[in-house]
Amino acid sequence: MKSFFSTRVTTSTHQADERPAELSEAAPLLHPPNAAIVELDVREELRAGREPFSRIMAAVSDLCDADVLLLRSTFEPVPLFKVLGKRGFAHESRAAAADDWSVWFWRPGTAETDTRETWLDVRELEPPEPMTRTLTALESLPHGHVLVQVNARVPIFLLPVLVERGFICDIDASQPGRVLMRIRHASPSIQPSGEHESMSTQSVELDVRVIPPRDKHPAIFRAFDGLESGQALVILNDHDPRPLRYQFAAERPEAFDWEYEAEGPELWRVKISRR
């Protein structure tokens, strides 16, 4: 295992427009956008064989709740993720080169704009812990709030469970090795009278564009089979899912209705209702 860190570190606070250009361009912007950035560059210490861990932890202790720590390192400090994760920090890392890493640490939910989001990083957990912890967190999630699960991959087995329990999610898999799932309660449709419809008439949404092709149809069928009569599954895809319709016709011929809500060229929305 590589060293953690320790010795002299130069600490400075930057406003966004004062940060080096390469950092501004690479920043993942998941942390509070107006937070102060406290930068620690330990690359020279590491190259000299010195250990800056104690200095880093001292700097962490001096952070204000809404501050963001930007650590510059010669490698991705994976053991540090667990240490700071236990203190409530989320993290994001980017590599400009093999020996040039930028890692951001921040406390989710401390900024005013983040008070309705709860973050849960499960990248370091072994199955079934990611699903177990996510479902436990959702049990106490208030309506109107969002649970942001940070994962290393799309959790396809979690998707139908979310549908069954009345949740929907947006999935961002745009960065390699990092998937963000924003999970929230599915809101019932509104009837003309202004009253909420029952659970049996609501729709839930599933973005299948980020699911690996071999897992896409099984995930859709698991989600559909978790619906009650009268519910609908709305899938988002990047092409016309006609093969899926043929499979539904073969395997669930009397159980579904198919309706296109959008037909390309970049986005197809299909509403699959359960009879």
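Predicted model: local features only at pLDDT ≥ 70, side-chain atom pairs only at ≥ 80, totals over all residues.
Local features need pLDDT of at least 70 and side-chain atom pairs count only at pLDDT 80 or more, while totals for chains, interfaces and linings use all residues. Residues are numbered from 1 along each chain as its sequence is written, and side-chain values use heavy atoms, with hydrogens and water left out.

The chain has 275 residues. Its secondary structure comprises eight helices and 13 strands. These are DSSP runs numbered from the N terminus (helices: H or I, at least four residues; strands: E, at least two). Of the residues, 44% are buried. Buried means under 20% relative accessible area, exposed over 50%, and partly exposed in between (1.4 Å probe, protein chains only).

A search of the whole structure finds one cavity of 30 Å³ or more. A cavity is a set of points, on a 1 Å grid over the protein atoms alone, where a 1.4 Å probe fits but cannot get out; lining residues have an atom within 4 Å of a point. Grid points are joined across faces, edges and corners, and the volume is the space filled by probe spheres set on the points. The largest cavity holds about 30 Å³. Helix α6 (158–164) and strands β8 (167–175) and β10 (203–207) each supply at least two residues of its lining. Leu159, Leu162, Val163, Phe167, Ile168, Cys169, Glu205 and Leu206 line this cavity. Seven lining residues are nonpolar, none is polar and one is charged. In this grouping, Ala, Val, Leu, Ile, Met, Phe, Trp, Tyr, Cys and Pro count as nonpolar, Asp, Glu, Lys and Arg as charged, and the others, Gly among them, as polar.

Cys169, one of the lining residues, is buried, with a relative accessible area of 5%. Cys64 is partly exposed, at 49%. The structure holds zero disulfides, a disulfide being a pair of cysteine sulfur atoms within 2.5 Å.

Arg87 lies in the loop between α4 (78–85) and β4 (90–97). Arg87 is partly exposed, with a relative accessible area of 47%. Beyond its neighbours within four places in sequence, Arg87 contacts Met57, Val60 and Ser61. Val60 is 27 residues from Arg87 along the chain, and their C-alpha atoms are separated by 9.9 Å.

Key. 1 Å grid on protein atoms, 1.4 Å probe; cavity = no way out; pocket = protein on both sides within 12 Å on 5 of 7 lines; lining within 4 Å. Contact = heavy atoms within 4.5 Å.
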